[in-house]
Amino acid sequence: MAGTTELLIDRFRPSGRILLVEGVPQSYVDLGDPTYLHFDYVRRMASVVDAAAPRGAALRVLHLGGGGFTLPRYVAATRPGSTQTVVERDAALVTLVRRELPLPTDDIEVRVADARAALESEPDGAYDLVLADVYQAARMPEHVASVEFAAEAARVLRPDGVYVLNLTDLPLLAFSRVQAATLRASFAEVVVVASRAMLRGRRYGNVVLAAARAPRRLPVSRLVNLAARDKVPGAVLHGAALDRFVADSRPATDPARGRDGEPTTGAVTDRG
């Protein structure tokens with residue numbers, strides 16, 4: 001997430017802080033209430049966290065992409081005692097956040113590293129949850145959008161573990177369809193969660209995907225209810241609806257490099 005970084009005070013919510021990278025809002029942190037989640041896609045990711053285990057149960061969580069550490073703060077507040085690791089490649093951003101937005105607990109370890117490299121260094125079956133929100137220049141890097149990356153995420157999860165991914169997409173949702181197909185190559189169960197307007201292909205915005213190693217592991221009914229009750233009403237695609245959504249989209253693989261250094265077939269090179 002390297003780039004020009006600003007931290008602004010929300011004039012409508014004095015305890016709120018807005019993190020901007022290259023002028024684009026990336027994170028929102030409420031210093032007085034870590035359970036306040038300003039962005040709808042963060043609430044959708046948090047809904048998976050809420051539904052993944054009994055209320056208040058401590059979990060072992062790996063966050064790929066740190067931003068303002070909004071979700072680590074949320075997990076610490078709603079699941080006390082959880083052990084969390086946050087991987088963020090932008091050292092300057094980490095320094096800013098630690099100085100201006102201090103973390104609430106010592107149970108959050110922060111590593112400055114590339115998400116793919118950090119994931120590959122983790123042992124098998126180490127985490128209950130892996131949450132990925134990785135961007136570079138407003139795009140998800142190719143090396144974290146492939147079958148190979150998804151397989152690594154599955155490997156570090158416990159048998160009942162859950163992987164959650166945030167992405168942004170354009171109308172027609174071509175990238176989201178490819179990513180759903182990509183996760184299906186490594187996980188037994190996948191759902192897509194997004195606003196209804198987004199799923200109708202009417203706007204640019206965020207799409208959240210959740211995937212589980214075990215079949216019937218995801219609490220689909222609860223996710224449907226939580227999405228419908230959100231301030232920005234959403235929907236969940238699962239089963240036959242997800243089949244229709246994915247259609248003939250094929251999984252993305254790690255980009256092969258030709259003699260000129262450019263990606264060859266199999267690489268995801270453009271979102272739109």
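The entries below go from the whole chain to single residues.

**Entry 1: the whole chain**

I began by noting that this is a predicted model. Then I looked up the secondary structure, and the chain has 9 helices and 11 strands. How does the radius of gyration compare with the globule rule? I found 18 Å for the chain, close to the 19 Å that the rule gives for 272 residues, so the chain is as compact as a globular protein of that length. Along the principal axes, the C-alpha atoms fill a box of roughly 45 × 45 × 40 Å.

Next I asked how much of the chain is covered. Of the 272 residues, 49% count as buried. I also looked up the contacts with a separation of 6 or more, and 68% of these are between residues 24 or more positions apart.

**Entry 2: surface and charges**

I noted an accessible surface of about 12300 Å² for the chain. Carbon and sulfur atoms account for 51% of that surface. I then turned to the charges, where I found 34 positive and 32 negative ones.

**Entry 3: helix H6**

I picked helix H6, which covers residues 174-184. How many of the residues of H6 are buried? I found 8 of its 11, so I wrote the helix down as mostly covered by the cut-off of under 20% relative accessible area. The buried residues are Phe-175, Ser-176, Val-178, Gln-179, Ala-180, Ala-181, Thr-182 and Leu-183.

What do these buried residues pack against? On the helix side, I listed H5 (147-156) and H9 (240-246). On the strand side, I listed E8 (157-169), E9 (189-195) and E10 (205-212).

I zoomed in on Gln-179, which is part of H6. Its relative accessibility is 1%, so Gln-179 counts as buried. Leaving aside neighbours within four places in sequence, I found Gln-179 in contact with Met-140, Ala-145, Leu-165, Leu-167, Leu-209 and Ala-252.

Then I moved along to Thr-182, also in helix H6. Is Thr-182 buried or exposed? At 1% relative accessibility, Thr-182 counts as buried. Not counting residues up to four places away in sequence, Thr-182 touches Ala-145, Ser-146, Val-147, Ala-150, Pro-251 and Ala-252. I noticed that Ala-145 and Ala-252 are on the list for Gln-179 and on the list for Thr-182.

**Entry 4: aromatic pairs**

I searched the whole structure for aromatic pairs and found 3. One of them is Tyr-28 with Tyr-36: the ring centres are 5.6 Å apart and the planes are at 65°, so I noted the pair as edge-to-face. Tyr-28 has 2% relative accessibility, so it counts as buried.

Another aromatic pair is formed by Tyr-163 and Phe-187, with 5.7 Å centre to centre and 10° between the planes, and this one is stacked. Which parts of the chain does the pair of Tyr-163 and Phe-187 tie together? Tyr-163 lies in strand E8 and Phe-187 in the loop between H6 and E9, so the pair ties together parts that are 24 residues apart in sequence. I checked the cover as well: Tyr-163 and Phe-187 are both buried.

**Entry 5: Ala-46 in helix H1**

I looked up Ala-46 and found it in helix H1, residues 40-51. At 2% relative accessibility, Ala-46 counts as buried. Not counting residues up to four places away in sequence, Ala-46 touches Leu-37, Leu-71 and Tyr-74.

**Entry 6: positive phi**

My last stop was the backbone. Where is Glu-22? It lies in the loop between strand E2 (16-21) and strand E3 (24-30). The phi of Glu-22 is positive, near 55°. With a relative accessible area of 52%, Glu-22 is exposed, given that exposed means over 50%.

Ala-247 also has a positive phi, about 50°, although it is not a glycine. I found Ala-247 in the segment after H9. At 56% relative accessibility, Ala-247 counts as exposed.

Methods. Residues are numbered from 1 along each chain as its sequence is written. This is a predicted model: local features need pLDDT of at least 70, side-chain atom pairs count only at pLDDT 80 or more; totals for chains, interfaces and linings use all residues. Side-chain values use heavy atoms; hydrogens and water are left out. Helices (H or I, at least four residues) and strands (E, at least two) are DSSP runs, numbered from the N terminus. The radius of gyration is taken over C-alpha atoms; the globule rule is 2.2 Å times the number of residues to the power 0.38. Buried means under 20% relative accessible area, exposed over 50%, partly exposed in between (1.4 Å probe, protein chains only). Contact means heavy atoms within 4.5 Å. Accessible areas come from the Shrake-Rupley method with a 1.4 Å probe; for residues, only the protein chains shown count as cover. Lys and Arg count as positive and Asp and Glu as negative; His and the chain ends are not counted. The place of a charge is taken as NZ of Lys, CZ of Arg, CG of Asp or CD of Glu. Rings of Phe, Tyr and Trp (its six-membered ring) pair if their centres lie within 6.5 Å; planes under 30 degrees apart count as stacked, over 60 as edge-to-face and the rest as tilted.
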